[in-house]
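Good morning, and thank you for coming.

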Amino acid sequence: GLFVDKKVRANSFATQHRVDAMLEAAVLAGGKADDGGIEVFWDKAAEEKWDSIAGQRSAGQTYVGINPGGDRANRRWDLGRYAQVAGTMVERYGAKILIFGGPGEESIALAIRQQMKHEATDLAGKLTLDELAYAISRLDLLITNDSGPMHIAAAVKTPQVAIFGPENPEEFGPYASPNTYRVVRASVDCRPCGTVRCKHVSCLENIAVGDVMAACETVLAVPGHAGSRGGEPCT
């Protein structure tokens, strides 16, 4: 540090969202903040493939994405509860359900689809990153674990409900306007937790279907959040 003339605050990464902490470092290095939030881009070809997958969309129809995967098991909410939430969204909103997942998460998506009484479009392992970003931008709501797609939804301003287990949402939650998302988490004393294998995962087990549904209803009640994202692409 003898040759460093500008230093990030010692507690920068502990007292604010990770995006703001990295932005603080970038500004000290000479960058200029545009206050535009995080962004994601895709190739135009992704739009053509997604539109063919999604099919003809009825006016006002609500598209709901389910993202049940995650980089480790103790960040993944119960699959049966995801299936219940998806079914309730169909019955209450007439929603079209789309299940997302990366390569290797096909069995997770299949397990949800098999437990549902209604039809769902299974896209696990079928989309490139470009296609996933565009697909999420067309949703009226994404229900997701703490994961990469959660951050994509924040970037494209798609309304979302983010289910948090061991991590701290104040540091790693959706970096978006507060009216576009709700974080659902259980009150536990052991958060944040970096344990890869947890024996009880009470931080997720204590989140009920009703908790997630209440958050979904709150987000969709915001004017313009339900059945309105099937028109012009986001810019």
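I begin with a definition: a residue is called buried when its relative accessible area is under 20%, exposed when that value is over 50%, and partly exposed in between, using a 1.4 Å probe and protein chains only. The helices (H or I, at least four residues) and strands (E, at least two) that I shall name are DSSP runs, numbered from the N terminus.

Two remarks on the source are also in order. This is a predicted model, in which local features need pLDDT of at least 70 and side-chain atom pairs count only at pLDDT 80 or more, while totals for chains, interfaces and linings use all residues. Residues are numbered from 1 along each chain as its sequence is written, and side-chain values use heavy atoms, with hydrogens and water left out.

Let us take the chain as a whole. Its secondary structure comes to nine helices and six strands. The radius of gyration, taken over C-alpha atoms, is compared with a globule rule of 2.2 Å times the number of residues to the power 0.38. For the protein chain the radius is 19 Å, close to the 18 Å that the rule gives for 235 residues, so the chain is as compact as a globular protein of that length. The C-alpha trace spans about 65 × 45 × 35 Å along its principal axes.

Of the 235 residues in the protein chain, 47% are buried. Contact here means heavy atoms within 4.5 Å. Among contacts with a separation of 6 or more, 63% come from residues 24 or more positions apart. The protein chain exposes about 12200 Å², and carbon and sulfur atoms supply 52% of that area; the areas come from the Shrake-Rupley method with a 1.4 Å probe, and for residues only the protein chains shown count as cover.

How far can we trust the model? The guide is pLDDT, the predictor's confidence in each residue, from 0 to 100. The mean for the protein chain is 88, and 95% of its residues reach 70 or more. Confidence is lowest in helix α8 (residues 202-205), at a mean of 82, and highest in β4, at 97. Over residues 231-235 the pLDDT is below 50, and this stretch has ten contacts in the model beyond near neighbours in sequence.

I now turn to helix α6. Why is helix α6 (residues 148-155) said to be largely enclosed by the rest of the structure? The reason is that six of its eight residues are buried. These are Pro-149, Met-150, Ile-152, Ala-153, Ala-154 and Ala-155. The cover over them includes β1, α5 (129-137), β4 (141-145), β5 (160-164) and α7 (169-172).

Just after α6 comes Lys-157, with a positive phi of about 65 degrees. Most residues other than glycine have a negative phi. Lys-157 lies in the loop between α6 and β5, and Lys-157 is exposed, with a relative accessible area of 55%. A second example is Asp-35, which is not a glycine and has a positive phi of about 55 degrees. Asp-35 sits in the loop between α1 (18-28) and α2 and is exposed, at 73% relative accessible area.

Is Thr-62 buried or exposed? With a relative accessible area of 5%, Thr-62 is buried, although its place is in a loop, between α2 (44-54) and β1 (63-67). Apart from neighbours within four places in sequence, Thr-62 is in contact with Tyr-93, Ala-95, Lys-96, Asp-140, Ala-226 and Gly-227.

Next, consider the loop between β6 (181-185) and α8, where Cys-193 is placed. Leaving aside neighbours within four places in sequence, Cys-193 is in contact with Arg-72, Pro-166 and Glu-167. The C-alpha atoms of Cys-193 and Asn-168 are separated by 8.5 Å, and the two residues are 25 residues apart along the chain. Ser-187 also has its place in the loop between β6 and α8, and Ser-187 counts as exposed at 78% relative accessibility. Between the C-alpha atoms of Ser-187 and Gly-69, 118 residues apart along the chain, the separation is 22 Å.

At 25% relative accessibility, Asp-20 counts as partly exposed. Asp-20 and Glu-171 are 151 residues apart in sequence, yet 9.2 Å apart in space, C-alpha to C-alpha.

Thank you for your attention.
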